[in-house]
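Please keep the sequence and the structure in view while reading.

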Amino acid sequence: MSDPGRDTEQAVYGCAVAEVPEPESVLLPGHDVPLGRYTTVRRLLPQRPRRMVGAWCFVDHFGPDDVAGRPGMQIAPHPHTGLQTVTWLVEGEIMHRDSLGSAQPITPGQLNLMTAGHGIAHSEQSPPDHPPVMHGLQLWIALPEDARHGEARFEHHPALPTLRDGDATVTVVAGELGGVRSPARVHSPLVGAEVLLPTGGRHRLPLDPAFENAVLVMSGAVTVAGTALTPGSLLYLGQGRSEVSIEAAEAAGETRLFLLGGEPFEEPLVMWWNFVGRTHEEIVRARDEWMRGDRRFGTVGGCDEDPLPAPVMPTVRLKARDRHGRTAG
């Protein structure tokens with residue numbers, strides 16, 4: 001979906017003034033995917049029209065779900081390679097456990113960031129006495145070549161920097177925005193930020209024109225760069241914008257958005273199950289090592305669930321694809 005003629009900038013060449021249209025925007029509606037036995041998520045990345053936004057390579061939006069009297073999220077131990085996982089909650093509580101020995105609950109406004117590096121395993125489970133509603137995001141950040149073979153690590157950040165600008169309250173979850181940087185350690189230039197607007201609120205959100213950017217709607221109704229959006233949709237904004245207009249609808253309650261952005265990630269990836277690699281052979285090796293309990297992934301303590309078995313490998317070779325979905329090589 002394009003928005004020609006909106007949010008234009010002027011470029012001056014000698015005495016001439018030219019209108020430069022903003023990049024084309026693309027609406028990505030996503031699709032529902034079961035996650036574990038009790039949770040369904042709205043998967044917004046990757047999609048065929050858009051595989052990545054900067055280094056952000058995977059986006060799941062879940063809830064708001066009524067989990068009163070229900071188990072909530074119950075994701076048994078499973079492996080990861082070559083990525084960072086970002087957990088961001090609006091409502092609810094999740095206990096993270098991993099093979100490093102971490103056991104860390106997360107509640108709204110806090111950040112859990114796990115760096116898989118060469119390999120890690122973790123589980124994510126709602127505690128027995130969890131709140132009645134669960135709502136949040138699970139995101140992956142692809143690690144570049146110089147970081148993806150490193151040691152695994154886990155970070156918990158109980159508080160994050162917040163900007164208040166006019167109607168908007170902006171929490172910088174990862175990377176940098178408006179001169180404010182998150183304490184979370186990332187490995188490529190990017191931004192992840194939550195934006196709150198009251199009913200009828202308006203804001204012009206600053207963007208890095210070197211980044212490609214996208215906006216995910218979590219709650220409320222809003223118009224972004226001239227496109228009306230509802231919860232569970234992702235609007236890809238392209239590269240080259242220095243700001244974007246956001247207008248919350250009247251009588252829609254508080255609007256909650258999540259901004260994703262980053263320098264275009266130029267390394268082709270193979271993404272299969274919970275692994276991010278570069279070749280078919282890497283994925284096969286990671287799967288085999290997980291299935292035989294190799295020390296590469298370790299053991300998740302404190303979790304009663306059996307580890308998840310990996311799916312059967314496809315009968316065709318997995319191919320590395322660039323951020324546009326094109327086969328590499």
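Two strands count as paired if DSSP finds at least two bridges between them. The model is predicted, and this criterion is applied to it throughout.

Begin with strand 24, residues 243–248, which is joined to strand 19, residues 202–206, by 5 bridges. These two strands run antiparallel. Within this pairing, Ser 245 of strand 24 stands opposite Arg 204. Strand 24 also pairs with strand 21, residues 222–224, in the antiparallel sense, here over 3 bridges. In that case Val 224 has Ile 246 of strand 24 as its bridge partner.

Strand 7 is held against strand 12, residues 120–125, by 5 bridges in the antiparallel sense; in strand 12, Ile 120 stands opposite His 80.

Now take the protein as a whole. It has 27 strands and 1 helix. Its radius of gyration is 20 Å, close to the 20 Å that the globule rule gives for 329 residues, so the protein is as compact as a globular protein of that length. Along the principal axes, the C-alpha atoms fill a box of roughly 70 × 50 × 35 Å.

Of the 329 residues, 54% are buried. Among contacts with a separation of 6 or more, 70% come from residues 24 or more positions apart. The accessible surface is about 14300 Å², and carbon and sulfur atoms account for 50% of that surface.

Definitions and conventions
Residues are numbered from 1 along each chain as its sequence is written. This is a predicted model: local features need pLDDT of at least 70, side-chain atom pairs count only at pLDDT 80 or more; totals for chains, interfaces and linings use all residues. Side-chain values use heavy atoms; hydrogens and water are left out. Helices (H or I, at least four residues) and strands (E, at least two) are DSSP runs, numbered from the N terminus. The radius of gyration is taken over C-alpha atoms; the globule rule is 2.2 Å times the number of residues to the power 0.38. Buried means under 20% relative accessible area, exposed over 50%, partly exposed in between (1.4 Å probe, protein chains only). Contact means heavy atoms within 4.5 Å. Accessible areas come from the Shrake-Rupley method with a 1.4 Å probe; for residues, only the protein chains shown count as cover.
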